[in-house]
Amino acid sequence: MAKKRLIILGSTGSIGTQALDVVRCARDRFDVVGLAANTNTVLLQKQAHEFGVEKTVATQGRNERMVELIEAVPAEVVLVAVSGTAGLAPILAAIRAGRDIALANKEALVMAGDAIMNEARKAGVRIIPVDSEHSAIFQCLHSVKKEDVEKIILTCSGGTFRGKTRDELTRVTAEEALRHPTWNMGRKITIDSATLVNKGFELIEAHHLFGFDYDRIEVKLHPQSRVHGMVQLKDGNTLMHMAPPDMRIPIHYALHYPNRVPLPPDFQIAPYDPTVNTTLEFFEPDHETFPGIKLALEAARQGGLTPALFTLANDRAVQDFLDGRIGFLDIYDRLREALREPRADRTLSVDNIMDLITSAW
Ligand code: NDP
Ligand code: MG
């Protein structure tokens with residue numbers, strides 16, 4: 001079998017390093033031909049050496065360097081695992097170059113989902129979700145026709161502060177927020193999980209990836225993080241996807257797609273055992289205390305440039321919270337401000353979104 005030529009953007013991050021764990025166990029199937037990170041040149045060089053990578057870039061914030069990498073190096077798949085707004089330019093470049101995309105970055109779809117999906121359709125490029133909930137829905141949808149689907153349900157762990165009151169949230173710190181109960185992820189997404197903004201982004205991501213209206217996508221809180229998504233059919237059947245909460249599973253699935261390949265024994269991931277994980281609970285999220293989903297949906301409803309402004313405001317607010325400059329609840333205030341910002345003068349175009357990203361930092 002010919003090896004799949006793979007570029008990994010964000011190789012030094014949480015998803016990127018786990019993707020390399022997947023590749024390390026399947027060297028006969030993958031050829032890593034390009035790697036990109038932001039500033040972590042030490043790890044980047046180490047990875048390049050281990051995997052014999054042709055071309056690496058440390059962008060130092062210059063996203064066009066990822067675009068140059070994609071244009072210069074032929075590949076079948078580009079894994080986009082950079083965090084935040086940096087994902088947009090390389091995703092569009094990968095589509096234009098006709099490369100399939102394994103997509104972990106969700107911010108780009110939130111900002112410019114219509115443009116990305118339209119371009120991908122035109123170019124015949126596949127977008128294979130890496131995000132666990134979307135991987136779950138993607139897999140469930142394989143066996144059904146879209147017109148037979150009533151709705152899709154994404155699950156949500158509830159984040160680090162699930163069950164806390166508003167009053168308690170006035171005192172929480174970034175350090176506490178980073179201790180996620182079930183998932184081990186990068187810093188930014190861990191805070192987004194705590195605010196539930198991540199789940200709001202995931203709703204928007206699901207809308208673009210699978211083409212369902214917002215009133216047919218729901219979120220249910222599921223503290224055990226064993227069920228990642230459900231597809232309810234009009235004929236009374238519900239398909240449920242389950243897996244241990246370990247990102248190497250959806251990464252492994254996306255990179256090997258369309259093949260199904262056994263998990264490497266080295267991962268030591270025990271399959272779901274219903275006699276061990278006996279409790280599976282589902283609740284409505286607490287939208288009053290954690291308004292992240294509602295605010296993100298409001299951004300999507302306003303449309304135009306608002307989701308992009310919202311995403312940028314969130315990027316900055318999360319960074320400020322991590323740096324101790326603002327409190328946890330102030331993140332929501334920043335997001336409400338972004339929703340009020342009048343931008344009627346600017347129409348939605350990828351160029352305008354790119355301008356916003358460039359001028360934002
Ligand atoms: P991390 O913060 O752990 O890693 C981010 C990676 O992106 C690093 O390699 C970083 O490089 C790189 N990067 C950031 N900005 C740039 C830039 N301008 N140019 C080049 N490289 C850049 O993030 P995660 O791995 O947690 O998340 C990545 C994406 O995947 C996010 O969009 C997140 O929402 C999504 N995701 C993550 C999940 C998880 O479990 N972690 C689950 C589902 C989705 P450097 O190390 O040099 O800073
Ligand atoms: Mg997710």
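Q: Okay, lysine 188: buried or exposed?
A: Buried. Its relative accessible area is 14%, and the cut-off for calling a residue buried is under 20%. Keep in mind that this is a predicted model.

Q: Where does lysine 188 lie?
A: Lysine 188 lies in helix H9, which covers residues 187-195.

Q: And what does the side chain of lysine 188 make a polar contact with?
A: With the side chain of glutamate 107, at 3.0 Å. Glutamate 107 also has a polar side-chain atom 2.8 Å from an oxygen atom of ligand 1.

Q: Which residues come nearest to ligand 1?
A: There are 26 residues around it, and the nearest are Thr12, Thr39, Asn40, Thr59 and Glu107.

Q: How do the residues of that shell divide into nonpolar, polar and charged?
A: You get 10 nonpolar, 13 polar and three charged residues around ligand 1.

Q: What about backbone atoms, say in glycine 10 and glycine 186?
A: Glycine 10 has a backbone N or O atom 3.2 Å from an oxygen atom of ligand 1. For glycine 186, a backbone N or O atom sits 3.0 Å from an oxygen atom of the ligand.

Q: Switching topic: what coordinates the magnesium ion, ligand 2?
A: Asp131 (OD), Glu133 (OE) and Glu202 (OE) do, at 2.1 to 2.2 Å.

Q: How are those donor residues spaced in sequence?
A: The pattern is D-x1-E-x68-E.

Q: Are aspartate 131 and glutamate 133 buried or exposed?
A: Aspartate 131 is buried, because its relative accessible area is 7%. Glutamate 133 is buried too, with 6%.

Q: Last stop, strand S7. Why is it largely enclosed by the rest of the structure?
A: Because seven of its eight residues, in the run 149-156, are buried.

Q: In which sense does S7 pair with S9, parallel or antiparallel?
A: Antiparallel, over five bridges, with S9 made up of residues 227-233. In that pairing, valine 149 stands opposite leucine 233.

Q: And with S8, parallel or antiparallel?
A: Parallel, over five bridges, and S8 is residues 217-221. Isoleucine 153 has glutamate 218 as its bridge partner there.

Key
Residues are numbered from 1 along each chain as its sequence is written. Chains are lettered from A and ligands numbered from 1 in the order in which they are written. This is a predicted model: local features need pLDDT of at least 70, side-chain atom pairs count only at pLDDT 80 or more; totals for chains, interfaces and linings use all residues. Side-chain values use heavy atoms; hydrogens and water are left out. Donors are N, O and S atoms within 2.8 Å of the metal (3.2 Å for Na, K and Ca); water is not among the atoms, so sites may look incomplete. Buried means under 20% relative accessible area, exposed over 50%, partly exposed in between (1.4 Å probe, protein chains only). A residue is near a molecule or strand if one of its heavy atoms lies within 4 Å of it. A polar contact is a pair of N or O atoms within 3.5 Å; within protein, one must be able to donate a hydrogen and the other to accept it, and residues adjacent in sequence count only if both atoms are side-chain atoms. Ala, Val, Leu, Ile, Met, Phe, Trp, Tyr, Cys and Pro count as nonpolar, Asp, Glu, Lys and Arg as charged, and the others, Gly among them, as polar. Helices (H or I, at least four residues) and strands (E, at least two) are DSSP runs, numbered from the N terminus. Two strands pair if DSSP finds at least two bridges between them.
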